Amino acid sequence: MLHPTEYVPKSYHPRVSTYWWLGRWAYAKFILREISSIFVAWVVVTTLLQVRALKAGPAAYAQFQAWLATPWVLVLNAISLFFVVFHAVTWFNLAPKAMVVRMRGKRLPAAAIAAPNYAAWVVVSATVLWILLRG
């Protein structure tokens with residue numbers, strides 16, 4: 001490393017705030033999307049624990065459901081729902097930027113790439129809702 005001398009000036013390193021990402025919505029959205037991964041992981045772990053409790057029998061599943069009904073888990077799951085939806089929406093909106101699709105030599109518009117993702121989401125959600133409500 002070069003040391004500052006008469007001929008080599010000291011390099012300039014401006015101080016960057018810890019909260020630099022709050023300066024623009026695009027940066028904040030990026031950071032929130034990264035944070036949302038923690039809540040996505042929480043939902044995955046909770047689902048795996050639910051399957052394990054279901055496999056262990058009715059008593060274990062009833063105990064798991066009682067744990068799910070505790071106030072702090074309800075609050076955490078509500079926050080997780082927000083972040084999982086945010087994660088999905090930002091992921092679907094990024095798809096056209098990450099995947100360039102050309103048809104007859106022309107690039108497809110972003111909506112033509114994102115719309116099938118949203119349509120699949122609606123179909124899967126409607127199917128799960130139908131399964132849950134019919135029985």
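Between them, domain 1 and domain 2 bury about 700 Å², and carbon and sulfur atoms account for 68% of that area. Keep in mind that this is a predicted model. The size of an interface is often given as the accessible area lost when the parts come together, so that's a handy place to start.

What does the side of domain 1 that touches domain 2 consist of? Its residues split into seven nonpolar and one polar, with no charged ones. As for salt bridges between domain 1 and domain 2, the count is zero. Polar contacts do turn up, though: three residue pairs make them across the interface of the two domains.

Now step back to see where these parts sit. The domain assignment puts domain 1 at residues 15-98 and domain 2 at 100-135. Each of them brings eight residues to the contact.

Confidence is highest in helix H2 (residues 58-68), with a mean of 96, and lowest in strand S1 (residues 102-103), where the mean is 87.

Definitions and conventions. Residues are numbered from 1 along each chain as its sequence is written. This is a predicted model: local features need pLDDT of at least 70, side-chain atom pairs count only at pLDDT 80 or more; totals for chains, interfaces and linings use all residues. Side-chain values use heavy atoms; hydrogens and water are left out. Domain bounds come from an automatic or database domain assignment. Contact means heavy atoms within 4.5 Å. Buried area is the accessible area (1.4 Å probe) that two parts lose on being put together, summed over both. A salt bridge is a side-chain nitrogen of Lys or Arg within 4 Å of a carboxyl oxygen of Asp or Glu. A polar contact is a pair of N or O atoms within 3.5 Å; within protein, one must be able to donate a hydrogen and the other to accept it, and residues adjacent in sequence count only if both atoms are side-chain atoms. Ala, Val, Leu, Ile, Met, Phe, Trp, Tyr, Cys and Pro count as nonpolar, Asp, Glu, Lys and Arg as charged, and the others, Gly among them, as polar. pLDDT is the predictor's confidence in each residue, from 0 to 100. Helices (H or I, at least four residues) and strands (E, at least two) are DSSP runs, numbered from the N terminus.
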